[in-house]
Amino acid sequence: MEVRILAVPWDSGRRAWRMGRGPERLLEAGLEDALRARGHAARVEWVEADDTGAEVATAFRLARTLADRVREAAGEGAFPLALAGNCSAALGVLGGVGPAGVVWLDAHADLNTPETTRSGMVDGMSLAMATGRCWTGIAGTIRGFLPVPDDFVVLAGARDLEPGERAVLARSALATVDATRVREEGVEAAFGPALEALAQRVRRVYLHLDLDVLDPSAARANGFAAPGGLTPEEAEAAVRLVGRRLEVAGATLSAYDPDADPEGRVPAAAARLAAAAVEGAGARPRPV
């Protein structure tokens, strides 16, 4: 399969800073070569914005450009794989792939809004934006983007939640998969029911992989990583299970800060996750 790797080297409105350095490091470590070794044709494109805007303006400028690149890639029969500093890249990929469900693997729920956030980070509002909870006006400037209904979303691995996010989850129709359950019951038993329910509603999904879904004892993706996450093997098995049950229309690997990973464990795990995501493209739903 042809893979269009769309590198977005930005974090919080700054280029090649902190997690914005992640895309380049993943490529230097051989992610593109790993895909080629599995028989995929891979091509890298860089998605840029000028660095004179505010964080919010820059995030949406990048999302608009990314949506156009994703649409172009999909139109040419390529699988769109974004490597991004921030999770807000999800809005661009969703805009480019068209209507789809969402499987979101992350240590955090990313369900804050400007009213509930304690950090003020736009990155922590990414799933809230994707589900239409905030920034709806500017999100509407992303060509092709439509808010995703709650019951079209599976959130997995989230364990470091703020009070406002817990309140959202308690009253929403978002499906959740707890990392503890994965460890205790295995990937298939933990993910299966949520994917079965999702497959009743959608045929294709956008796969979001914030690399801090990984447990930091195995591979620390960034300074926000929290204990109790998935092992690289569990995360890969989860991605492959998604690809067996649903068609993966596009994917993002986000939030890798090389400075948080002095032992360099994350790139190998990221390459395996990327390959698993790509190999889920073109799948068709099957009974769970």
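Asp11 and Arg18 form a salt bridge in this predicted model, with their closest N and O atoms 2.7 Å apart. The structure holds 22 salt bridges.

- Arg18 lies in the loop between β3 and α1.

**The pair Arg43 and Glu45**

- A salt bridge also joins the side chains of Arg43 and Glu45, with an N to O distance of 2.6 Å.
- Arg43 has a relative accessible area of 39%, so this residue is partly exposed.
- Glu45 has a relative accessible area of 14%, so this residue is buried.

**The pair Glu188 and Arg244**

- The side chains of Glu188 and Arg244 meet in a salt bridge at 3.8 Å, taken from N to O.
- This pair links distant parts of the chain, since its members are 56 residues apart.
- Glu188 belongs to helix α9, which covers residues 187-199, while Arg244 belongs to helix α10, which covers residues 232-245.
- Glu188 is partly exposed, with a relative accessibility of 42%.
- Arg244 is likewise partly exposed, with a relative accessibility of 36%.

**A network of salt bridges**

- Glu2, Arg4, Arg43, Glu45, Arg69 and Glu76 belong to one network, joined by salt bridges that share partners.
- Arg43 and Glu45, described above as a pair, are among the members of this network.

- Most residues other than glycine have a negative phi.
- Ala16 is not a glycine, yet its phi is positive, near 55 degrees.
- Ala16 is placed in the loop between β3 (14-15) and α1 (22-28).
- With a relative accessibility of 35%, Ala16 counts as partly exposed.
- Arg18 also has a positive phi, of about 50 degrees, although it is not a glycine.

Technical notes: Residues numbered from 1 in each chain as written. Predicted model: local features only at pLDDT ≥ 70, side-chain atom pairs only at ≥ 80, totals over all residues. Heavy atoms only, no water. Salt bridge = Lys/Arg side-chain N within 4 Å of Asp/Glu carboxyl O. Buried < 20%, exposed > 50% of the residue type's maximum accessible area, 1.4 Å probe, protein only. Helix = DSSP H or I, 4+ residues; strand = E, 2+ residues; numbered from the N terminus.
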